[in-house]
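Colleague: Hi! I'm new to this one, so please walk me through it.

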Amino acid sequence: MSQLFSEEYSAEVVAESFAGTSDPRLRQVLTSLVRHLHDFVKDVELTEAEWETAIGFLTDTGQTCTPTRQEFILLSDVLGVSMLVETINHRTGGTATESTVLGPFHMVASPVRQLGDDIALDGKGTPCLVSGQVTGPDGAPLAGATVDVWQTNEDGFYDVQQPDLQPQGNLRGIFTTDADGRFWFRSVVPRYYPIPDDGPVGKLLAATGRHPNRPAHLHFIAAADGYRTVTTHVFVADSPYLDSDAVFGVKDSLVRDTPEVDDAARAAEVGLANPFRTLAFDLSLLPA
């Protein structure tokens with residue numbers, strides 16, 4: 001007779017139920033998940049009331065999701081799981097740009113832009129010239145690489161959060177690098193902002209005394225044929241919350257200064273008001 005369910009052997013009994021799973025990876029993942037979940041329940045001696053609260057919390061999390069809001073990704077972010085998955089799957093060995101979380105606001109396709117375009121469609125905010133180069137790990141430029149960017153406005157909101165206030169596609173764009181692998185565009189300096197905290201994830205942060213804020217940053221996805229795509233941020237060096245990002249996304253290699261340029265001739269040349277800020281961020285990709 002096979003082992004029956006008991007407190008002592010709960011994990012083993014449930015894990016054994018997956019022994020006939022034909023997909024070996026699925027069997028490995030489910031077996032490990034069951035063992036860790038059962039160990040957790042036994043470690044904290046979870047009460048029935050706490051279990052019901054957890055089920056209610058996960059139900060609320062799912063019901064909060066919309067086409068432009070992914071509360072489960074937000075939950076994964078604040079628990080550090082998103083960053084851990086990113087880090088494990090995109091180890092660079094120090095030879096390429098480090099990855100970080102996608103975030104919950106890459107919910108719409110960025111419009112295709114031309115090099116030098118202004119992605120601040122409403123013209124609001126401190127003007128900033130963003131530039132960089134996409135290369136392989138050896139420094140060879142990658143012509144024709146795509147650079148997908150998106151960011152908040154001067155008030156700390158993405159366009160999808162303010163569809164009645166911001167133009168569609170505001171502060172988003174997909175650029176293609178030139179023959180030297182370079183890209184540049186006009187934008188505004190992003191602002192730090194709170195992640196959405198009006199849902200179950202916000203309640204979790206409040207209950208644990210954590211703030212919901214993220215430091216100011218621009219999102220990047222860089223891709224080129226024959227190379228591994230990297231999803232990352234560049235963080236503004238003088239932003240608050242660099243040392244306490246609510247989703248643990250900050251890495252030292254991704255922080256950049258945004259020095260001010262006070263030069264009317266240069267401002268006119270790049271099509272920005274004077275003075276303006278600059279942000280330089282190069283991206284290095286690993287071969288696929």
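Predicted model: local features only at pLDDT ≥ 70, side-chain atom pairs only at ≥ 80, totals over all residues.

Colleague: Which residues of helix 6 are buried?
Modeller: Pro200, Val201, Gly202 and Leu205. Buried means under 20% relative accessible area, with a 1.4 Å probe and protein chains only.

Colleague: And what do the buried residues of helix 6 pack against?
Modeller: Two other helices: helix 3 (48-64) and helix 4.

Colleague: At what angle do helix 4 and helix 6 pack?
Modeller: Helix 4 covers residues 71-78 and helix 6 covers 200-207; the angle is about 25 degrees and the axes are 9 Å apart. Axes are lines fitted to C-alpha atoms, for helices over the stretch in contact, and angles run from 0 to 180 degrees between N-to-C directions. That makes helix 4 roughly parallel to helix 6, the word for angles under 35 degrees.

Colleague: Which residues make that contact?
Modeller: Helix 4 brings Glu71, Leu74, Leu75 and Val78, while helix 6 brings Pro200, Val201, Leu204 and Leu205. By class they are seven nonpolar, no polar and one charged. Contact means heavy atoms within 4.5 Å. Ala, Val, Leu, Ile, Met, Phe, Trp, Tyr, Cys and Pro count as nonpolar, Asp, Glu, Lys and Arg as charged, and the others, Gly among them, as polar.

Colleague: How do the axes of helix 3 and helix 4 cross?
Modeller: At roughly 125 degrees, and they come within 7 Å. Helix 3 and helix 4 are therefore oblique to each other; oblique is what remains after roughly parallel, roughly antiparallel (over 145 degrees) and roughly perpendicular (65 to 115). Phe57, Leu58, Thr61, Gly62 and Thr64 of helix 3 meet Glu71, Phe72 and Leu75 of helix 4. That set divides into four nonpolar, three polar and one charged.

Colleague: New topic: what volume does the largest pocket have?
Modeller: About 650 Å³. Of its 18 lining residues, Phe40, Ala54, Ile55, Phe57 and Leu58 are the closest to its centre. A pocket, on a 1 Å grid over the protein atoms alone, is an open set of points with protein on both sides within 12 Å along at least five of seven lines, and lining residues have an atom within 4 Å of a point. Points are joined across faces, edges and corners, and a volume is the space filled by probe spheres set on them.

Colleague: Where does the largest share of that lining come from?
Modeller: Helix 3, with nine residues. Helix 2 (24-44) also supplies at least two. The whole lining has 13 nonpolar, three polar and two charged residues.

Colleague: And the second largest pocket, what is its volume?
Modeller: About 230 Å³. The closest to its centre, of 16 lining residues, are Arg69, Phe105, Phe157, Gln161 and Pro196. Its lining has eight nonpolar, three polar and five charged residues.

Colleague: How many cavities are there of 30 Å³ or more?
Modeller: Two. A cavity is a set of grid points where a 1.4 Å probe fits but cannot get out. The largest has about 70 Å³, and its lining includes His90, Arg228 and Ser284.

Colleague: Is Gly156 buried or exposed?
Modeller: Buried, at a relative accessible area of 2%. Gly156 sits in the loop between strand 2 (146-151) and strand 3 (172-176). Leaving aside neighbours within four places in sequence, its contacts are Gln161, Arg191, Tyr192 and Tyr193.

Colleague: Last one: how many helices and strands does the protein have?
Modeller: Seven helices and twelve strands. The C-alpha trace spans about 85 × 40 × 30 Å along its principal axes, and 40% of the 288 residues are buried.

Conventions:
Residues numbered from 1 in each chain as written. Heavy atoms only, no water. Helix = DSSP H or I, 4+ residues; strand = E, 2+ residues; numbered from the N terminus. Buried < 20%, exposed > 50% of the residue type's maximum accessible area, 1.4 Å probe, protein only.
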